[in-house]
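Colleague: I have a model open and want to learn how to read it. Can we go feature by feature?

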Amino acid sequence: MSTPTSRAKTRWELAGPANLGYGRHFADLVDRGADVAGEARLADALVPRGARVIDIGSGMGRVAAALVDQGHDVVATEPDPALRAQSRATYADLEVLPHDALALDPAEVGTFDLAVLVGNVMVFLAEGTERSVLARVGELLVPTGRALVGFHLQPVKAGSRTYPADEFVADAESVGLRVVHRFGSYELHEPVDDYAVWVLARD
């Protein structure tokens, strides 16, 4: 795998210092014994034990680490060096690749039963790359694989974009993914207007 030498900056990168403290916030929650594994519980329910899972935009590692604890073969990827450092500090045994989604080559990392893109990954991508990222997610899945995606539909953090539900669905369908489920939370509440949790599959 190789990181592109020239690419557009992501919305996360453009936000700069405004997003400092994100990883530390979750690390503090972990230290206090708070439940930070809601996304991981749903991800775990979507696959058999010992599944191959890729966590794209793994942040400070909380979801990937929880899935490892459940016995899955997990590849975590996080391009932000500060978040990788926080991940190492909190989950020392979790290996995290420094690649963004478009730098992941299925010929090198293999294919997966589940791709996880939670924590608002989709709304912090570089402008205009959403379909390319979703296409790469499809390439990373085994034929029966699925993707778990969750994000705020309206901006709630510095640098994030508005991503209407119908636009996301159109982007996914344009690259050969279909919506299997849409929920309003990782506890499977009915859909709401401000947050969406999606389960996608290949056509």
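Predicted model: local features only at pLDDT ≥ 70, side-chain atom pairs only at ≥ 80, totals over all residues.

Colleague: What does the chain average in pLDDT?

Modeller: pLDDT is the predictor's confidence in each residue, from 0 to 100. The average here is 89, and 86% of the residues score at least 70. Where pLDDT is low, coordinates should not be read in detail. Residues 1–6 stay under 50.

Colleague: In what order do the seven strands run in the sheet?

Modeller: Strands pair through backbone hydrogen bonds, parallel or antiparallel. DSSP must find at least two bridges between them. Strands are DSSP runs (E, at least two residues), helices too (H or I, at least four), numbered from the N terminus. This open, mixed sheet runs E3-E2-E1-E4-E5-E7-E6. E3 (96–97) and E6 (177–183) are the edge strands. E6 pairs antiparallel with E7 (195–202) over six bridges.

Colleague: Which residues of helix H7 are buried?

Modeller: An α-helix has 3.6 residues a turn, so residues three or four places apart point the same way. Buried means under 20% relative accessible area (1.4 Å probe, protein chains only); over 50% is exposed, in between partly exposed. In H7 (130–140), Glu130, Val133, Leu134, Val137, Gly138 and Leu140 are buried. They share one side of H7, because their arc is only 160° around the axis, taken from the directions from axis to C-beta atoms.

Colleague: Is Arg161 buried or exposed?

Modeller: Arg161 is buried, at 12% relative accessible area. Its side chain makes a 2.9 Å polar contact with that of Glu130, and another of 2.9 Å with that of Glu167. A polar contact is a pair of N or O atoms within 3.5 Å; within protein, one must be able to donate a hydrogen and the other to accept it, and residues adjacent in sequence count only if both atoms are side-chain atoms.

Technical notes. Residues numbered from 1 in each chain as written. Heavy atoms only, no water. Contact = heavy atoms within 4.5 Å.
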